[in-house]
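This report covers the pairing of charged side chains. The sequence and the structure come first.

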Amino acid sequence: MLKEKLEELAQMMADHLARPFPPDYRGLDVEGRDMVLLDADAYGYAAGVREGRLSEKQRAGLMRLTSAFAGILLAIDDEYAAGYYTHVRDMAVLAAEIECLREK
């Protein structure tokens, strides 16, 4: 199951790189989060999970990040950006799921 989840994460990351960043969200803060950094952090955590286990500090950061998406997604009023960041959230959530599987 772990191998399949890692393959799914790799595909999500490739799909993410193929999508253009929402131009109106460069330099924009939503719910106190810089949207470029939110995107980069989510991708960075996913890349770290693909490489192996995260440190405790990284794992905590990933969990905080996944929690932040609830308010952020509600505050996005652009259809493309909402879809883009829903994908970013799903990628981060899958990375967190993989980390939980590794703990078992």
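## Terms and basis

A salt bridge is counted when a side-chain nitrogen of Lys or Arg lies within 4 Å of a carboxyl oxygen of Asp or Glu. Five salt bridges are present in the structure.

The model is predicted: local features need pLDDT of at least 70, side-chain atom pairs count only at pLDDT 80 or more, and totals for chains, interfaces and linings use all residues. Residues are numbered from 1 along each chain as its sequence is written, and side-chain values use heavy atoms, with hydrogens and water left out.

## A link between H1 and H4

Lys-5 and Glu-97 form a salt bridge through their side chains, at 3.3 Å from N to O. This pair connects distant parts of the chain, with Lys-5 in helix H1 (residues 2-18) and Glu-97 in helix H4 (residues 79-103), 92 residues apart. Helices are DSSP runs of H or I with at least four residues, numbered from the N terminus.

Glu-97 is partly exposed, at 36% relative accessibility. Buried means under 20% relative accessible area, exposed over 50%, and partly exposed in between (1.4 Å probe, protein chains only).

A network of salt bridges links Glu-56, Arg-59, Glu-99 and Arg-102. Within helix H3 (residues 56-75), Glu-56 and Arg-59 are three residues apart, about one turn of the helix. Their closest N and O atoms are 2.5 Å apart. Glu-56 is exposed at 60% relative accessibility, whereas Arg-59 is buried at 8%.

## Arg-89 and Asp-90

Arg-89 and Asp-90 also form a salt bridge, with 2.8 Å between the closest N and O atoms. Arg-89 is partly exposed at 27%, and Asp-90 is partly exposed at 31%.

Definitions and conventions: Helix = DSSP H or I, 4+ residues; strand = E, 2+ residues; numbered from the N terminus.
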